[in-house]
Amino acid sequence: LRNPWRYAFDATTNLLYIADVGQGAHEEVDVVPADQGGINYGWNIMEGASCYNAATCNQTGLQLPIIDYGHNGPCSITGGYVYRGCAMPWLRGEYFFADYCFNTVSSFRYSGTGTVSSVTSRTTELSPANNSVTSFGEDANGVWLSTFHSLCARLLRREAPHIGLSRDFVIYDSSDQVAVVKQASRELGIDESAIRRGVEAV
């Protein structure tokens, strides 16, 4: 590993998810059993799934990542958590991660046998709004993300019919909820009181 940021255990599957920041060309996510040690993830023979500074390389005995993406805009992965909350059961089992440089949030579902399915961009739903995601957190109810400007967004459900939200998520700022509700009201064209009721209901 070169520079993990960050890693997380999923107690349900006993898997360890590692987001590893690359040198200058690739970012990666590795997933391994939590009780399995002594693994060589390839650095600095490999960067992501590619040979580092070489056209070819000996990959014998190396653990390759399950996710690898290049630096065409993105440049620094921020690892998150596997969602195990109750509010959105359709997202249960999805691993969330972000890219600090590109202001994006994505998720995927790991099969447990080395394959990934349902890789989905969550940027529009979470609306980082040009805020670089620096870290994720987790509580008993689900997953949070934090940004460089201290914005906190919580993964919330959208089932309150009186809100009429088309998004899967509602932004929530723990330090200044009023300002964020006003912003959401402007962007979505929904009355502030309805958004507040929706946040409280969830």
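## Cavity lining

The lining of the second largest cavity divides into 3 nonpolar, 2 polar and 4 charged residues. Here Ala, Val, Leu, Ile, Met, Phe, Trp, Tyr, Cys and Pro count as nonpolar; Asp, Glu, Lys and Arg count as charged; the others, Gly among them, count as polar. The lining residues are R2, D20, V21, G22, E28, W43, M46, E47 and G48. The volume of this second largest cavity is about 40 Å³. The count comes to 2 cavities of 30 Å³ or more.

A cavity is a set of points, on a 1 Å grid over the protein atoms alone, where a 1.4 Å probe fits but cannot get out; lining residues have an atom within 4 Å of a point. Points are joined across faces, edges and corners, and the volume is the space filled by probe spheres set on them.

## Model and conventions

This is a predicted model: local features need pLDDT of at least 70, side-chain atom pairs count only at pLDDT 80 or more, and totals for chains, interfaces and linings use all residues. Residues are numbered from 1 along each chain as its sequence is written, and side-chain values use heavy atoms, with hydrogens and water left out.

## Overall fold

The protein chain holds 3 helices and 14 strands. These are DSSP runs numbered from the N terminus: helices are H or I with at least four residues, strands are E with at least two. Of the 202 residues in the protein chain, 46% are buried. Buried means under 20% relative accessible area, exposed means over 50%, and partly exposed lies in between, with a 1.4 Å probe and protein chains only.

The protein chain exposes about 10100 Å², and carbon and sulfur atoms supply 48% of that area. Accessible areas come from the Shrake-Rupley method with a 1.4 Å probe; for residues, only the protein chains shown count as cover. Contacts (heavy atoms within 4.5 Å) give a further view. Among those in the protein chain between residues at least 6 apart in sequence, 42% join residues at least 24 apart.

## Nonpolar cores

The largest nonpolar core has 15 residues. Y17, V29, V31, I77, Y95, F108 and Y110 have the most contacts inside it. Six strands each supply at least two residues of this core: β2 (15-20), β3 (26-33), β6 (67-70), β7 (77-82), β8 (94-99) and β9 (104-110). β2 gives the most, with 3 residues. A nonpolar core is a set of buried Ala, Val, Leu, Ile, Met, Phe, Trp, Tyr and Cys residues joined through side-chain atoms within 4.5 Å.

What does V31 touch, not counting residues up to four places away in sequence? V31 meets L15, L16, Y17, Q63, I66 and Y110.

## Backbone exceptions

Most residues other than glycine have a negative phi, and most peptide bonds are trans. Two peptide bonds here are cis. The one from W5 to R6 has omega near 0°. R6 lies in strand β1 (residues 4-10). The one from W43 to N44 has omega near 10°. N44 lies in the loop between β3 and β4 (46-47).

Positive phi values come next. N14 has phi near 60° and sits in the loop between β1 and β2. N14 is partly exposed, at 40% relative accessible area. N53 has a phi of about 55° and sits in the loop between β5 (50-51) and β6. Is N53 buried or exposed? N53 is exposed, with a relative accessible area of 69%.

## Strand neighbours

S121 lies in strand β10 (residues 116-121). S121 counts as exposed, at 51% relative accessibility. Leaving aside neighbours within four places in sequence, S121 is in contact with V105 and S106.

S106 belongs to strand β9. S106 is buried, with a relative accessible area of 15%. Its contacts, again leaving aside neighbours within four places in sequence, are Y95, F96, F97, T120, S121 and R122. D139 is in strand β11 (residues 133-139) and counts as partly exposed, at 33% relative accessibility. D139 and G85 are 54 residues apart along the chain, and their C-alpha atoms are separated by 8.8 Å.

Notes
On a 1 Å grid over the protein atoms alone, a cavity is a set of points where a 1.4 Å probe fits but cannot get out, and a pocket is an open set with protein on both sides within 12 Å along at least five of seven lines; lining residues have an atom within 4 Å of a point.
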